[in-house]
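Trainee: I am new to this structure. Please show me how to read its features, one at a time.

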Amino acid sequence: MNSTTGAAIDRVLNALSSSGLNYKAAGGGYEAQCGNPMHTDSTPSMSVRQGNLGAVIHCHVCGEEGKDDIITGLGLTKADLFDQPLERPERPQVVATYIYEQADSSEAYRRDRREPGKDGKSKDFMQYRMINGRKEYGLKDVVRVPWRLPQLVEAVKNGTEIFWNEGEKCVQALEKIGKVATTAGGAQDWRPGMATWFDGAAKVTVIADNDEPGIKHARKVAAALKGRVREIRIVRGAVDRPKADIYDHLAAGYTLDDLVDIPDEPTRLRSVPNPAPAPPVEGTSARQPDREPEPAERPRVGFDLSAAFGLAGCTIPRGYRITAKGVDQATGKDEAPWSRFTYAPIVVTSAYEDPDGEQSVQLSWTDRDRTVSKVVARDIAKRGRELVKTLGSAGLPAIEGDARLLERWLAEFEAANIHALPREMLARNLGWQPDGTFVSSPDTGIKLEVRYDEQRLPAQAFHSSGTFDEWRKAVGLLEPHRVPRIVIAASLASPLLGPLGLDSFTVDVSSRSTKGKTTALQCGCSVWADPSENASAISNWRGTVFAIEKRLNLVRGLPTFLDETMAVSDETIIDYLLYQLPMQKGKDRSGGYAGALPWQTILLSSGERSILSYTRNQGAAARALCTTEAPFGEDGDTARQVHDAVFANYGHAGPRFVELVRKGLARDGGRDRLRARHKALAVQFRGDSAMTGRRAPMVAVLALAEAMACETGLLPYDPLPVETWNEMFTTGGSTDNQPELAMDVVREYIAAHSAELYPGSGPEERQPVRGWLGAVKHRDKRTHIAILPERLRGILHDADYQLDAVLGGWIAAGYLVEAVDRGRTTYRPSVKIDGHATRCFLFTPTALGEDLTEAA
């Protein structure tokens, strides 16, 4: 041991050497490359020094929050940082924190191991979510996932053997010998829905704890995996001691070859059960894995719901039976005691609730040798004929004549198993959810059921393929090409809109058709999704306004990609969307369609013409960041090389980035620090005009996203300098029309605060807390909007405009109603608001536009 350090520092230095990381003596301690796998550290940024009890490590980039990742990345534990073992305190202490992740590596929840546990136990566990930096205990309504889910998904894809056992400590023991392992935590944490993550796995070895409950639980898990996995083996360790597990087995020097097989139970693990000759026992479990085996002479009855649908412990309501041929109802007749009304087994397998409180159910049925599952609104499931009509083309095994029997069966089955059926959150969009989770892909473990059929294919394109390292290597070729880098930055920046309180906006790339515009868009798309032409993540401008609004409605904090502005059928579509995009919602509609579809996105567009050439609205220039620079110049070789690479490797960087964002927001003051950093950047991009001032927050969020990704190693180059961003976007021009830009600010404010216009939208016309903004007035069958002068001055002042400076331009453009008062011309006529006459600026329909006056 080094004479100037303790045993703990020696362990840390040895771990650094084993990981191929450099360190050197400095200032009484050491400087070293960071051991956090998520931090690519080219220059030493971690300090290691001797503390009172052992080694003290700190990375100046990862901070205190990244210490656990550093320790894990070096193959150490927290105990390894102490020179001498600490005495265990009597009060429960957290000795390990296990972070459960979604398939995209975003955090789902955490589980703390405490020693000693309460009530004399040697250990216990506390489960919670991190919400705004605070622990929210309990996992009610949280979708449970297996531990090490990203590794599990990769193992299924690669055909690697997977080990299942009880407890994270056992998983870590198996990982130390190079195996892929997973767990639900304890036996009580297992959920049948977890079995779906194993679909298509080559082999799963279920390792039981060495006692009766442990073996029973192992068989329960194996039963749920039956039909999903090609080979299942149930084993226990060779240590013949009650409750001994795989950790004890390996610690005793045994190998995996020494594992002891546990006999399967054929009555519980059959793949396709045969119809029973005898009627079932009504009101009892269709499959009861927790009971002792039935006597051999007793006939096997019913249908194995666990093997077919992953349902354990469900009961069949009285008066029904399920066989492999369908669902039967008791008739009470001796000659025909059962009447069949479905032609395959069909049950409710999950219940869902979306963020708006709307409920849905998942119906599952068998179709030859496969299981079909479909999610429908609960109100449809309660109307048999509507259900048959909705799911008939999907193969629903029922006819309209039996619709009433089908709806009653599904209702009774769900009621009988209300506590056994999983109840989960249903996402209606990709991206941010109301509870702070982020759905970057339909494969994250949170059920995604989009509202419109046109959204299904684009949603399915958001997944990963290939490897992050290969994607990062390809993106490194873009270092000298600033336009593709800006597109990637915009793609990464989309999740920051919500936390920063920014509106949606457009980034447009236009140049001659052969200069790599589409390839640049594909690079940005590969951050989150499959960029290929057939994957539907990138669409084009060919379509109706409503079709494009549906595409925007798919995401909250993810980018939207529209190529080929020249393909637009009507140029007013682009004009409308440039205006509407920052409103964060679409146009109200009638005719049975949902009105005002919401979104939150950065729209990435490309074409041969600048997107601003499609609009006569001068204010549009403040809503879009546009470049006409050829993305790759004359470097066609790089464009082709990057194109091929991102087609094979995609969907990795975005989920990693958003997890960094979520962890930062979860820290105390995290949101304030993020906003302060964005504000500081925006100051550097304000320029010297109102136009550049309005664009500055948009430029700043792109620069911030790129800087964060570069600092954490997600992008392999240094961030673009401030001068480059200024050169690209911080310039004024002919479109910098202050009166029009100021009018644009007023339009956006009225659209967002229309409820503050008298008369109010409520039945009592109650005055808003901040007082009336103005009033809606009708003259000559046309709608005008009056705004109180003091409110108008405040709106403009907040956007860095002066009313006196733009008033003349508004008058010249015909935006204000002219009146005569006592022989003098005025542009502030008297208007009655809530019974009181007051002078207001009265805006014409020309100023506000047809859509806004209709909405008001």
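Mentor: Start with burial. Buried means under 20% relative accessible area, exposed means over 50%, and partly exposed lies in between, using a 1.4 Å probe and protein chains only. Helices (H or I, at least four residues) and strands (E, at least two) are DSSP runs, numbered from the N terminus. This is a predicted model: local features need pLDDT of at least 70, side-chain atom pairs count only at pLDDT 80 or more, and totals for chains, interfaces and linings use all residues. Residues are numbered from 1 along each chain as its sequence is written, and side-chain values use heavy atoms, with hydrogens and water left out.

Trainee: How many residues of helix α16 are buried?

Mentor: Eight of the nine residues in α16 (517-525) are buried, and the helix is mostly covered. Among the buried ones are Lys517, Leu521 and Cys525.

Trainee: What covers the buried residues of α16?

Mentor: Contact means heavy atoms within 4.5 Å. The cover includes helices α14 (482-493) and α19 (636-648). It also includes strands β24 (505-510), β25 (538-540), β27 (560-563) and β28 (602-607).

Trainee: Now a single residue. Is Ala459 buried or exposed?

Mentor: Ala459 is buried, at a relative accessible area of 3%. It lies in helix α12 (456-460). Leaving aside neighbours within four places in sequence, Ala459 is in contact with Leu430, Pro442, Leu448, Val450 and Leu554.

Trainee: At what angle do α24 and α26 pack?

Mentor: Axes are lines fitted to C-alpha atoms, for helices over the stretch in contact, and angles run from 0 to 180 degrees between N-to-C directions. Under 35 degrees counts as roughly parallel, over 145 as roughly antiparallel, 65 to 115 as roughly perpendicular, and the rest as oblique. Helices α24 (738-752) and α26 (803-812) pack at about 95 degrees, with axes 8 Å apart. They are therefore roughly perpendicular. Residues making the contact include Met743 of α24 and Trp810 of α26.

Trainee: Which strands does β32 pair with?

Mentor: Two strands pair if DSSP finds at least two bridges between them. Six bridges join β31 (774-779) to β32, and the two run antiparallel. There, Arg779 stands opposite Arg782 of β32. Three bridges join β32 to β37 (841-843), also antiparallel. Ile785 has Phe843 of β37 as its bridge partner.

Trainee: Why is β32 largely enclosed?

Mentor: Five of the six residues in β32 (782-787) are buried, so the rest of the structure largely encloses the strand.
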